[in-house]
Each structure stands twice: as structure tokens, then as C-alpha cells.
Amino acid sequence: MSHQKVKNVMSTDVATVREGTPFKDVVRALSQRDVSAVPVVDDDRRVLGVVSEADLLIKQGTQEIEFTRSLASWWRGRRNIRRAVAVTAGQLMSKPAITVPDNATVAGAARLMTQHNVKRLPVIDPDGKLVGIVSRRDVLTVFLRKDEDIRDDIVERVFEHGIGIAVNPATISVEVRDGEVTLTGQLALRSQLSLVEDMTRHIDGVVDVIASLTYRHDDTHEHIPEGMTVDITRPPRVQS
């Protein structure tokens, strides 16, 4: 399925700092730009790391290290002590930075944020240079798509390109209201039911799918005869 790309929703006006940027200037950059993190870049705008509010807060107090705990906890404590005495962005930053390519999908960026529990991601171009930043708010903009745009995508990408049939109001109905999709009507094959529902759920902006579809022929128990081949590279022909 085709999804909206990160480059279409990212912010290109990005606050950045260098490795040698002093602690107070990093704090000032976060405050002035009202952001929770800034990328640390080199002279070629390649991302070296990220300094977040969480990194800066370590300096506000001393974290107690319990040496009786696991080695992993002890190592984290050592790292926090080093950050507590850090005076530059390079000493404070988390590295390597979690970045996302500008041609990645918005859905992919959302998964990356969830996986690494971060609020924003530096966006890089094919040369690895910083070109923008994408935030949680940015990735949620896909749910602000107009219902008619979502419906058009479903008709074109799911039905016409996906299973090769034209949507005829007499046989198939696609309704979208506040991102909730209702599919009714009859398909040719039983195997198309789950396929249509799954592809519809992957359209940008879809909140939920209610599928009340029937089928004319049950092909789920059919087998391809031995020695017979099927050309899966040829796109299905659109049926009217």
C-alpha cells in the first residue's frame, strides 16, 4: 500500500547544536524553540546524537547508585555520573541518534517512536544529512485527512489496484465518516474478504473498518494442480 511519507509532514526549521555547544546554550535552545530535544550535528549536518530534556535533568541532581544491583544498573549509574558533570552537548548527548529517512512512511516513523520511546526523530536524506525533524504530533496528522480523500484512496488502491475490480455502487459501497470505514456489498471470491479489510486498515487516516461483505464463490479450499504455475507478477485486470 502507498503511505504518506515523512518528508511530507516533517518540520524543516530544525534547532540544532554542535558538540561543543555549552550546557546553558543547549538549555536556551530548547526553551526558545519550545522543543524537548535537539539534534547534535557536525559541519556537514550529519547527526551525531541527540540532547533531550531528560539528558539535561540529570545535572539537576545526583542519582544514587546501588552497587548491589545488577551490572547493567551499575553501568547506567556510571553513565549518569558522567553526564552530571558534562558541560557540552557532545558530553550530554545520547548516541547513536535514532533517525528516520525522509522517504520512510509516517506509519514507519510512528513505529520507530514507539519502539524507542522517543517524542521526535531527526530526519535524514540519502546522504545521511539532517533535513528535518518529525514529532508525534506530525505523525498524527494523517488522521486529519478528509473522509473523501480516504475513500478515494480505498477505491483506487484497495479495489482497483489491489483486487482488480471497479467499485460499482450497485454491488459495493464504501462509506467513510470521521475516518471510520464501512464496506458493504459482494465480492467475487471469499479470499478477497480478509484481503480487502486488511488493505483498507493500512490506508492513511483510517481509524476503524466495519466490513459487511459477502462473496459469490468460495475459493479458500481450492488447490493449484501439480505442475500448474501462476503468474503473480501480472497485475489483476480491473473488472467492471
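This is a predicted model: local features need pLDDT of at least 70, side-chain atom pairs count only at pLDDT 80 or more; totals for chains, interfaces and linings use all residues.
## The three-stranded sheet

Start with the open sheet. Three strands make it up, in the order β3-β4-β5, and their pairing is mixed. β3 (100–101) and β5 are the edge strands. Each has a single partner strand, so one side of each lacks a neighbour in the sheet.

Strands β4 (residues 120–124) and β5 run antiparallel, and five bridges join them. Two of the pairings can be named. Leu121 has Val134 of β5 as its bridge partner. Pro122 has Ile133 of β5. The two strands form a hairpin, with five residues between them. Gly128 sits in the turn and has a positive phi of about 85°.

A helix accompanies the sheet. α5 (residues 106–116) lies across β3, β4 and β5. The helix runs at about 130° to β4.

Beyond its neighbours within four places in sequence, Leu130 is in contact with Pro122, Val123 and Ile124, among others. Its contacts also include Val14, Thr16, Pro39, Val41, Arg45 and Val47. Val41 is 89 residues from Leu130 along the chain, yet their C-alpha atoms are separated by 8.0 Å.

Now turn to β6 (172–177) and β7 (180–189). These strands run antiparallel and are joined by six bridges. Glu175 has Thr182 of β7 as its bridge partner. Two residues lie between the strands of this hairpin, and Asp178 takes a positive phi near 55°.

| Hairpin | Bridges | Residues between strands | Residue with positive phi |
|---|---|---|---|
| β4 and β5 | five | five residues | Gly128, about 85° |
| β6 and β7 | six | two residues | Asp178, near 55° |

In a regular strand the side chains alternate between the two faces of the sheet. β6 has one covered face and one uncovered face. Ile172, Val174 and Val176 make up the covered face. Ser173, Glu175 and Arg177 make up the uncovered one.

Val174 lies in β6. At 4% relative accessibility, Val174 counts as buried. Not counting residues up to four places away in sequence, Val174 touches Arg151, Ile154, Phe159, Val181, Thr182 and Leu183. Val174 and Val155 are 19 residues apart in sequence, and their C-alpha atoms are 7.6 Å apart in space.

Which residues of α7 are buried? They are Ile150, Asp153, Ile154, Val155, Val158, Phe159 and Ile163. An α-helix has 3.6 residues a turn, so residues three or four places apart point the same way. The buried residues of α7 pack against β6, β7 and α8. After α7 comes Gly164, with a positive phi near 75°.

The axes of α7 and α8 come within 10 Å and cross at roughly 145°. The crossing is right-handed. On the α7 side, the contact is made by Ile154, Val158, Phe159, Gly162 and Ile163. On the α8 side, Gln192, Leu195, Val196, Met199 and Thr200 take part. Seven residues of this contact are nonpolar, three are polar and none is charged.

## The nonpolar cores

The largest nonpolar core has 21 residues. Which of them touch the most other members? Ile154, Phe159, Val181, Leu183, Leu187 and Val196 do. Five elements each supply at least two residues: α7 (147–163), β6, β7, α8 (191–201) and β8 (208–217). α7 gives the most, with six residues.

Leu183 shows how these elements come together. Leaving aside its neighbours within four places in sequence, Leu183 is in contact with Phe159, Ser173, Val174, Val196 and Thr200, among others. Its contacts also include Val209, Ile210, Ala211, Ser212 and Leu213.

A second core is separate and has 15 residues. Val26, Val38, Ala86 and Leu92 are among them.

Notes: Residues are numbered from 1 along each chain as its sequence is written. Side-chain values use heavy atoms; hydrogens and water are left out. Two strands pair if DSSP finds at least two bridges between them. Helices (H or I, at least four residues) and strands (E, at least two) are DSSP runs, numbered from the N terminus. A nonpolar core is a set of buried Ala, Val, Leu, Ile, Met, Phe, Trp, Tyr and Cys residues joined through side-chain atoms within 4.5 Å. Buried means under 20% relative accessible area, exposed over 50%, partly exposed in between (1.4 Å probe, protein chains only). Contact means heavy atoms within 4.5 Å. Axes are lines fitted to C-alpha atoms, for helices over the stretch in contact, and angles run from 0 to 180 degrees between N-to-C directions. A crossing is left-handed if the near helix is turned anticlockwise from the far one by less than a right angle, and right-handed if clockwise. Ala, Val, Leu, Ile, Met, Phe, Trp, Tyr, Cys and Pro count as nonpolar, Asp, Glu, Lys and Arg as charged, and the others, Gly among them, as polar.
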